[in-house]
Structures are given as structure tokens and as C-alpha cells.
Amino acid sequence: MRFRQVHLDFHTSEAIEGIGSRFSKQQFQEMLQLGHVDSITVFAKCHHGWAYHPSTANEMHPHLSFDLLGAQIEAAHEIGVKTPVYLSAGLDEKLTRRHPEWLIRDPQEKLNWAPDFMTPGYHQFCMNTPYLDILANQVREVVSNYDVDGIFLDIVGVRECYCQSCVAEIRRRGEDSRDLDAMKLLWEETFLRYAQTMDEAVHRIKPGLPVFHNSGHVKRGRRDLAKLNTHLELESLPTGGWGYDHFPLSARYAQSLGMEFLGMTGKFHTSWGEFGGYKHPNALKYETALSLANGARISIGDQLHPTGWMDPATYALIGEAYREVEAKEKWCRDVNSVADVALLSAEAAGEPGNTAQHADAGAVRILLEGHYLFDVVDTENDLSSYSVVILPDVITVDEALKTKLTTFIANGGKILATGRSGLAPDGSHFELDFGAKPLGDSAFKPSYFRPDFELSSLRNASFVMYTDGQDIELQPYGMKLGSRENSYFNRDLFTFCSHQHTPSNLQDAGPGMVEGPAGIYAAWNLFEDYALKGSLPVKEILHYALDRLLIRKTVNTNLPAQGVTTLQAQPSENRWVHHLLYASPVRRGLNIEVIEDLPVLSDIEATISVPAPVREVYLAPQGLKLPFRQENGRVHYTLPPWSCHQMVVLQF
Ligand SMILES: [Zn+2]
């Protein structure tokens, strides 16, 4: 799989003339070279439904007069650039007005995407309709007629649908469309049948060709869905609604699946379809480096102008980032992450709803800002290589998980659990031994935590905990790490105090954080709290707990909180590659985070625990030898001043 890809969107209205009129093989090639691009995903079919090649299975765009797809493939291949081919699967707007009965409907008959046919926008098809065969023929035609390097099918996934095809099918089965469980099964089967149909359409003609079905998010815990793809493309445009937190969470999970994957960002200031929008080159440098640091290849989203003229400003921008990627690639191939901590994803554990999403996002922030080496895992991962497993906020423990975690603990592993995590599903007792007994949901919200330890940045106090809490009681052998304090009363009509919540009554109301044989338990949804409020005490409380449990932290560094560090092993080269990154997204405009400044960092030090003696330490890609000290299985070094991204290679 190539490192430096472009995803060249080309959703082009039939109301525009002169499609491809300025396409030039030479200009297309020049732009790919300017951008240091080695793979470009080009369009066979767009969301408007049009083909960009002569077609019997589809209709060519009415204002295209030549084989644009064929010309792009020829131009790219001539200079050694690969061409996976894109087909819009879920959206085909030209067909929606001809066959509105094939569109996804909700229980109130409402459409998906655009709300009606009076609003500009696309409408999504149900794959449990004759549309599936039409799409399969379009895919077959492209795979048969062109030298494609892969197939990318967009806007697909397990979809809720109450269209009349779905209702008729559920009734044929003797079931009822009001039975949600029966419908869920049907929706899963519809997606599986779609994926198998596409797989057959592609692989009967070209066995082994890469295929990816894009849902916009690879759902953690659904390995069955991930494995329908030959590789993963993690769509995650930081300024396009995903935010800068989504990619690390998604990537740390994808790498643990052992599939090849890429991180997909965009050149846009905001998101897809933003003609005339550009981010700062520094943002793209950081985003592409973040992919490399997480073991990923990269794809950058662009949209081609209807005339087929490639935008020089875009390819100069992409080139600034990809020139650096090109120099770094050889230290980033065939890597496995080295990690101390496994974050069991709340999404992967099947917890629905926002609390689970916040728990995962908050936990990733805590881990990134504390510079812990971590993977995001589901319940199927082997845990034996980790020292600590985090159960964030909402993960109650069933029999299967109990067996897995009990084995992990028996082998010396430790658990950090918060909120309802670690409890039996009915909340009656802890399934893991934290030296405490649960007494039920706390009546106070917010409440307070007074640690029995000092935080690293603040003197001790009663720190406000905003999220749901649990009342617990210490077992004789358990160790209390801090106390709960309740407020005088919850804020209510006749009992309120000051502008916000009521202060602590300063009475010890039992333990708030405990340690037992299984590890540490904190009695609030602290990860959700951090995702929503980002408060310093919550972070430092969790870092204290993690440091207590992690006897040997593989990487210690004085990188600032916003810095990111990962460690990737490259077994074929017998080396470890230590990645350090730094950029600070700031808010510009409403809800748009941008990266512009890449400050120089000085005197950044690292200490790495190594499994074998290190022969040499050097900076990559510069190749400069770095002085280092080695003692007691640890290697220490200080980096010369750097910005954005620096790799340090530990050669065994
Ligand atoms: Zn349907």
C-alpha cells in the first residue's frame, strides 16, 4: 500500500458544461509530481450518479465527451502513480427521482441525507432493492475495462431502513417491521449481502484487488465489518467535523487489528466539497506525520475542478507535506506499536450512546497528554503484552470479560476502572477486586473528590467531579486513595447556592478512589468528565493512578502536554522508531480548529526502556547520530531543537 495518496473527489453537477475540457495529461502528471503523490483515487462514478467513462452499465456525464477515467489512469500509470477507482455506492442522485421507492426511509417515511426533493442535496439508496444489481454491474464494468489498482465504494454501511422493500421482506419472513431486533438483523444482512455482491463483482474479474467500503468511521468492536475490507481507510478530516481527537482514537484501534490502513485527511480549510478552501501547509505536515507515527499510510482529500484542471495551489500545498513523508517512509513500513496500556473501547464493548463516545475520547486525551504508549482494543484482543488495561466509565463486566480480565490480572496485569466499569451488569457487586463494595449510584451531582495524594500542579483541595458517581465502601484490605465529599445539596428550586453548583460540605462521605488486588477504581465517569470539561485535576488524578499501576513506563519524556509520542517497532530492521510530535490546534472561526504555528522545541529528553542493548541512536530522516546513555535497560537522550515531528531511531 502506498504512503502518499490523494483522494480526488469529483462530484460534478449535470448543470455544468465542459467537463474535463481543460484536462491535460501533462498537467495532471506535473501536479502529481509537484505533490509528491504516489497514488490517486480517481472517479468512475460520483454522488450525482454520473460515469466519467463510456458506459453501458451507467450513463456518462452529459457534458463529458471523452474517457476521462481512462485518461487519468493512463497519465498516472505512465509516471508510476497508482490509481484506485472510486464509485459512489450509497448515493446516485440522477437515479433518485426515477426510483424514489429504492431510497432509505425512516419509520415516518423521511429520506436520508437531504430531507426531501425540494432541498438541494443527495438521497441515500437502500441496498435491499434492485439498485444493488445496478451498482454491481457498474463495478463489474469498471473492473473489466480499466487497469484499476483498487476499488473504493462510498457511503455504505449497516443502515436503518423502513422502505417498502425492507418492510415486504420482513413480512415474507413472518416477522413485523415494529420488531426492532428483527429489523436490525435484516439491516445487518442487507449490508453483508451488499458487501458480498461487490466482492464477487470485483474479485471474479480481478482476484486480490484491494476493496474498501467507506462508512466514514470504522466502528470499534465490529471486526466482522472491518474484515469485509482488504485494508482500512480512516476518514478523519480534523477540520471537517471529526476534530483532532478522532484520528488517534481510530488509528490506535486500527493498528491493533493488524490490517494495513491509512489516515484520510483533506487539503480543505473545512471539509469535502469546499472549493477554494485551503489549510496551512503546517497543518498538513502535522496531520501526515501523525499518520506515520500511528503506523498508517496517508490519503489527502482534494476535489478536481469540473474542467479537469488540477489546482497548482493544492498540489504545492500537498507537496510540502508529502516531500517530508517521502523522506520518512522507510522508517514507517511494516511496523507494530509498542504499548504499555490497552484502552478497552467503550464503543467496542457495545455501549451505545454519547457517554461511551465521550469515555473513549476522554481516555485518549488523558493517554496522549500523559505520553503513555497505548493501543485501543476490543474484547477480542490478546492483552498479554500490556501492563495496564483501562475500563473507561461504562464497561460493566460480563462472564466472558471477567474470564479474560481475571487471567490478565493473574499474570500481573492491572486494571484502571472508573464509573460503572468493573461492576457486574446489574451493579450489585464488583466483578474485579478493587478492595471496595458498591453501594449504588450517588445521589449527588456534582460532588467532590479530595485526594490522599498531591497533584503535580495544584495544592490539595475538594475538586469538583461533574459526572455521575458511585457510592462505595472500603473492604478491610482495600486502600483508600482519596475521599468523596458531597455538596450541601443538589441545585434545585428551593436549594441552590451561587452561580453554579453547591459547595462541598467538607464531610468525608466514603472513599472516592480505591486500590485493591485488581488495580485502581475511581467512582466517577472521569473520562467523560475530561472529554466534556477538560479539567486539570481530573487529568492529574488519572495520571497519578496510571503511574501508580505502571511499574515500568516504556517511554518517559518532558514533551509538553500537547505533544504526542509513539513508539513503533520495525522488526525486519531490528529497530524501534520513537516518534515525537508537537502542534497546538487553535480555534479560528466557529468550531474550526486550525494548526498554523509549529514552534521549535528545545531540550526535549526521553528515556526509553529497551528489551536489548541499543547499538546506535540517530535522528531520522536526517541520519544524524544522537549521543545517548544506556544503563539498567534504559536509554536516555536529549533531542536537538526540532519542530512538528521528529523520529529517533533506536538500532538494536
Ligand atoms: Zn430498505
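Helices here are DSSP runs of H or I with at least four residues, strands are E runs of at least two, and both are numbered from the N terminus.

I'm working on a predicted model, where local features need pLDDT of at least 70, side-chain atom pairs count only at pLDDT 80 or more, and totals for chains, interfaces and linings use all residues. Residues are numbered from 1 along each chain as its sequence is written, and side-chain values use heavy atoms, leaving out hydrogens and water.

I looked up phi for His36 and found it near 50°, positive though the residue isn't glycine. His36 sits in the loop between helix H1 (25–34) and S2. I have His36 as partly exposed because its relative accessibility is 23% (buried is under 20% relative accessible area, exposed over 50%, partly exposed in between, with a 1.4 Å probe and protein chains only).

I place Asp334 in the loop between helix H10 (312–328) and strand S9 (336–337), and Asp334 is exposed at 54% relative accessible area.

Then I checked prolines. The Lys445 to Pro446 peptide bond is cis, omega near -5°, and Pro446 lies in the loop between strand S14 (436–441) and strand S15 (447–451). The bond from Ala620 to Pro621 is cis too, with omega near 5°; Pro621 falls in the loop between strand S27 (616–620) and strand S28 (629–631). I noted these because most residues other than glycine have a negative phi, and most peptide bonds are trans.

**Helix H4.** I looked at residues 131–145, which make up H4. Its buried residues include Tyr131, Leu132, Gln138 and Glu141.

Technical notes
Expected span 1.5 Å × (residues − 1).
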